[in-house]
Amino acid sequence: MVLAASKSCVAIINPAGAGGRTKQAWSKAAPTVRQRLELAEYKLEVRFTAGPGDAVRLAAEAVAAGAAAVLAVGGDGTIHEVVNGMMAESAQRGLGVLPATALGILPLGTGSDFRRTFGWSEDDIIGSCDRITGGKRQPLDVARVLVSRPSSSSSSSSSVPQDTAAAAGNAPAGPASQQQQQQQQQGAAAVEVKYVVNICSCGVGATTPPIVNKLKWLRTLSYPVASVAALLKYKQLAVQVSCDGGPWQTLEQLTMLVVGNGIYWGGGMRVFPRASTHDGLLDTMIVQRMGLADFVTKGHLLRSGEYENLQNVTALPPCKSLKVRPAHAAGGAAAAAGAATAAEGAAAAAAAAAAAAAAAAACPWWELDGEGQGPCSEVSIELLPAALQLCV
């Protein structure tokens, strides 16, 4: 176990989480949290986020200051940002350096899939505090995700500091490098480095986060309602997958591809019943040719994890890394790009826009820990074993 330099706990709260309910819940929980931590001689420091991506910066600052623990107060989105901040600060110190700061969780947000893996109850204030002060720490695997997206598309997720050092040798983290800016100007895909602690996916599931955000007032019903809405307008695409550097496999009519470190996803779907957050392996589920009618009749099997005999579902062998890219993007995009090169003036601009649209249309949408990323041209996922310590 790596020991922290101090017995301080930094609580990071998104006051706008769950439609403002997280702020109210924290107001009620704060006295108990402070009391439980002070009894164990911990100093509590409270930090409120001011906007998307702010938890990334606050978590990185907590790690840099040597805090004993960061308490992510909220749902899966808050945990995602906190983990990204902790990992980005850790990467600054050198690849493979385990931060002394441990991750604690107080689930008070909308999405709570990650806490379900450990059997933790929502609003368990005392239990969350005792997991920090008890001193028991469990290794936590974290997936490093390299995201390439069409140059014309922008992420629908928060703008957060990027761990460019992990993707570009010794380049410092922060704003896009000169090479990245040149790539964007030349129409090449820019690469972003992000981290996933629970589950990421592409396909229909990745189109639901924006809908969920609009339906948070439905609370527990927001995920199933959003899923139905997404299925009604989803267009199945073809992708190619490579596991552990192996040959590319083409998947036609992809409904969704889910890659997991944890067990639960999509508002309580038990997609990986045998997953472990500290076994050094990723689990992958592929769903093809499934529409709304199939989900109505077979969706309960996906939710329960009993999908082994479904013809539309394939479970890949556990792996350490995975790459996913569009299967048919190159031809159409190249033809449109050629037309753009041959045209002049206004016609050239229109042709260039058509080329970008063709490339983006062939790219599946992605989400990382429930945070929508929009269309991505290639995604590379590598699991980093025991990258963090989790308060258990």
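Lys 194 and Glu 192 are both buried, where buried means under 20% relative accessible area, exposed means over 50% and partly exposed lies in between (1.4 Å probe, protein chains only). The two residues also form a salt bridge, their closest N and O atoms being 3.6 Å apart; the term stands for a side-chain nitrogen of Lys or Arg within 4 Å of a carboxyl oxygen of Asp or Glu. The model is a predicted one, in which local features need pLDDT of at least 70 and side-chain atom pairs count only at pLDDT 80 or more, while totals for chains, interfaces and linings use all residues. Residues are numbered from 1 along each chain as its sequence is written, and side-chain values use heavy atoms, with hydrogens and water left out.

A salt bridge joins Glu 192 to Arg 149, with 3.1 Å between the closest N and O atoms. This pair links distant parts of the chain, 43 residues apart: Glu 192 belongs to strand S6 (residues 190-196) and Arg 149 to strand S5 (residues 137-149). Strands (E, at least two residues) and helices (H or I, at least four) are DSSP runs, numbered from the N terminus. Glu 192 has a relative accessible area of 19% and is therefore buried. Arg 149 counts as buried because its relative accessibility is 3%.

Salt bridges link Lys 43, Glu 45 and Arg 47 in a network. Within it, the closest N and O atoms of Glu 45 and Arg 47 are 3.1 Å apart. Glu 45 is partly exposed, at 21% relative accessible area, and Arg 47 is also partly exposed, at 34%. Side chains of opposite charge can pair when their charged atoms come close. The structure holds twelve salt bridges.

Apart from neighbours within four places in sequence, Thr 78 is in contact (heavy atoms within 4.5 Å) with Ile 12, Asn 14, Ala 72 and Val 73.

Turning to the whole protein, there are twelve helices and 15 strands. Of its 392 residues, 51% count as buried. Among contacts with a separation of 6 or more, 76% come from residues 24 or more positions apart. The protein exposes about 17100 Å², of which carbon and sulfur atoms supply 54%; accessible areas come from the Shrake-Rupley method with a 1.4 Å probe, and for residues only the protein chains shown count as cover.
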